[in-house]
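Subject: Structure for you to look at

Hello,

Here is the structure I promised to pass on. Please have a look at it when you find a moment, and then read my notes below.

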Amino acid sequence: APAYHPYRLQLRLEGEQVVDQDFDAGNQRWLPRAKEEFTERYRWKLPGSLKVGTYTLKFKLHSPQAARDVLVALQPELRDQAGFYRIGTVEIRE
């Protein structure tokens, strides 16, 4: 069954600067499917003032209705003190 409440997807680039973006997660469209990959796409326009460098890409889900973050079934050591899960690095170039 789909989720009952919509969540917000919060993305963060963390490096020399910190840039956050908030999206409708679209989680009410997510349905469990056995052994199938599910892809979701989001467009993120980065600020022109973002400095060149390597950034850590992080995310978290937030429930506005419950006023709390939603835990995701990932390794706990990927989660930082702000509740963001580290998922990779991004190289920003000129």
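Residues 24 or more positions apart make up 61% of the chain's contacts with a separation of 6 or more, a contact being heavy atoms within 4.5 Å. Please keep in mind that this is a predicted model, where local features need pLDDT of at least 70, side-chain atom pairs count only at pLDDT 80 or more, and totals for chains, interfaces and linings use all residues. Numbering starts from 1 along each chain as its sequence is written, and side-chain values use heavy atoms, with hydrogens and water left out.

The chain has 5 strands and 0 helices, giving the order β-β-β-β-β from the N terminus. Both kinds of element are DSSP runs numbered from the N terminus, with at least four residues for helices (H or I) and at least two for strands (E). The C-alpha trace spans about 45 × 25 × 25 Å along its principal axes. Of the 94 residues, 27% count as buried (under 20% relative accessible area, with exposed over 50% and partly exposed in between, using a 1.4 Å probe and protein chains only).

Now to two residues I picked out. Val-70 sits in strand E4 (residues 68–70) and counts as buried because its relative accessibility is 12%. Leaving aside residues up to four places away in sequence, Val-70 touches Tyr-7, Leu-61, His-62 and Ser-63. Its C-alpha atom is separated by 9.6 Å from that of Arg-8, 62 residues apart along the chain.

Ala-67 lies in the loop between E3 and E4. This residue has a positive phi of about 55 degrees although it is not a glycine. With 62% relative accessibility, Ala-67 counts as exposed.

Finally, the largest pocket has a volume of about 280 Å³. Of the 14 residues lining this pocket, Leu-9, Trp-30, Tyr-42, Phe-59 and Leu-61 are the closest to its centre. Strands E1 (8–14) and E3 (53–63) each supply at least two residues of the lining. A pocket here is an open set of points on a 1 Å grid over the protein atoms alone, where a 1.4 Å probe fits, with protein on both sides within 12 Å along at least five of seven lines; lining residues have an atom within 4 Å of a point. Grid points are joined across faces, edges and corners, and the volume is the space filled by probe spheres set on the points.

Best wishes
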